[in-house]
Each structure stands twice: as structure tokens, then as C-alpha cells.
Amino acid sequence: NRSNALKQNQNFDQYKTNFINNLWDLYPNWASSIGFHKSDSILTIPDETQRNKEIAFAKSQLDSLHLFNLDSLNNQNKTDYYLIENQLKSSIWNIEKFKSYQWNPSQYNVSEGFAEIINNSYGDINEKLLAVKARLKMVPTYYEVAKKNIVNPTLEHTALAIDQNTGGLSVFQSDLVQALAKSSLSTAEKAEINRLSQDAISAIQSYCLFLKAR
């Protein structure tokens, strides 16, 4: 009946809001890339723990999604239902079957995320740089994990990874340097960010050398 359908749609709208919030908590780098900057200070480490969290999230969300009666949902919500279902199923399939994390080295690249934080018009420059500082600390671990993940990479994706990661160095060598010059952080804070940036550059260069030796 109509009141039941109305309730189903209201519940589904609430589910969608919760789903999106939980999605951004699980994928902070994705969130940053589309302008949701709450978790800019977090760089997700692409290890087995993270992959297991993503699978658990997808399965749990699918269980919640499938509690809704599709026939009771309006057209907008039916479309969203299928979009969410496809997203969740594809993330499970990608990890369990496709396994691009093993053969596609180009999916490991931190520079774009840093560029988004440094160059967007959102927020105070000092706050952005403190988020960058926290995120920089994770870059060496990120690339060490990336090296461990890679098995039988394709030549094309290896070449692309080297090009993109090498090209991305300018974010640290130029964009970040300019942002630091404009900021009012203390000299000690700037020096610490510079040191962490050098560590990040070394990690990226080490990853490229690792790929060239494949």
C-alpha cells in the first residue's frame, strides 16, 4: 500500500545517506578526490587488511540493501539501488577475482591525492598543510606495500606507473614548496613537512626503480 511504500522510500533515503558516509570513511582518498575533505590527513594503505575491510563492508552493505523491497521503491530509488548494488558487487569481484592490485602497478600513485589537497580552494592553507603532513608520513609504507602486492605486472601498466609516478613528483618538488612559502606555519613545522616530503619523493623513486627492474 501507499503508506508502506512511502515508509520504504524514506528508509531507503536514510540508508543511502548512511551508505555514502560509511563509503567515504572506508575510502578517504576517493572522498578527497571528489571534494569531500574531512579525511584528507589519511592515506589508505593498500594491504590485505584494507582489502578484507572493503570486502566485509561490501557484503554487509549488500545484506542491508537486499532487505528493501525493490517493488516498493520509486524510480529514483530503484536506480540508486542498482547503482549501489553494482558498486558493491564490483568491489568484491575486483578484489577476489580481477586482482588488479597484483598486476596493475599504475593503481599505486599518491601524487594526485596530494595535488587535490594542496591545490583545491577549500579551507585554510595551514590546515591543508597539516593534513598533508599527516598523510606524508604514510607514503613510504604505502609504496612498500605496493611492491609486496605486485605479481606478474603487465608491461603496459608498468610503463604507465613509472610515467605517472615520475610525473607526479612535481607535486612535492613544486606545488608543495610553493604552498609552504605562502603558509604561516612555523619554521620548524615547515622543515618537518619538507623532510617528510623528501621521504615521500625517495619512496616514489624507489618504487619506479623497483618497477624498472621487473
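**Exercise 1.** Is Gln61 buried or exposed? Find the class of Gln61, then list its partners.

*Solution.* Before we start, note that this is a predicted model, where local features need pLDDT of at least 70, side-chain atom pairs count only at pLDDT 80 or more, and totals for chains, interfaces and linings use all residues. Residues are numbered from 1 along each chain as its sequence is written, and side-chain values use heavy atoms, with hydrogens and water left out.

- Step 1: Gln61 sits in helix H3, residues 48-65 (helices are DSSP runs of H or I with at least four residues, numbered from the N terminus).
- Step 2: Apply the cut-offs. Buried means under 20% relative accessible area, exposed over 50%, and partly exposed in between, with a 1.4 Å probe and protein chains only. Gln61 has a relative accessible area of 9%, so Gln61 is buried.
- Step 3: Look for partners. Leaving out residues up to four places away in sequence, Gln61 touches Tyr15, Phe19, Asn22 and Leu88 (contact means heavy atoms within 4.5 Å).

**Exercise 2.** Now classify Gln164 and find which residues Gln164 touches.

*Solution.* 

- Step 1: Gln164 belongs to helix H9.
- Step 2: Its relative accessible area is 35%, so Gln164 is partly exposed.
- Step 3: Not counting residues up to four places away in sequence, Gln164 touches Ser106, Asn109 and Ser111.
- Step 4: For a distance check, take Ser121, 43 residues apart from Gln164 along the chain: their C-alpha atoms are separated by 24 Å.

**Exercise 3.** Describe how H6 and H7 pack.

*Solution.* 

- Step 1: Recall the two quantities needed. Two packed helices are described by the angle between their axes and the distance between the axes.
- Step 2: Read them off. H6 and H7 pack at an angle of about 165 degrees, and their axes are 9 Å apart (axes are lines fitted to C-alpha atoms, for helices over the stretch in contact, and angles run from 0 to 180 degrees between N-to-C directions).
- Step 3: Name the arrangement. That angle makes H6 roughly antiparallel to H7 (angles over 145 degrees count as roughly antiparallel).
- Step 4: Find the residues that meet. Gly113, Phe114, Ile117 and Ile118 in H6 meet Lys128, Val132, Arg135 and Leu136 in H7.

**Exercise 4.** Which residues of H8 are buried, and what do they pack against?

*Solution.* 

- Step 1: The buried residues of H8 are Val139, Tyr142, Tyr143, Val145, Ala146, Lys147 and Asn149.
- Step 2: These buried residues pack against H3, helix H5 (100-103), H6, H7, H9 and H11.

Definitions and conventions
Helix = DSSP H or I, 4+ residues; strand = E, 2+ residues; numbered from the N terminus. Parallel < 35°, antiparallel > 145°, perpendicular 65-115°, else oblique.
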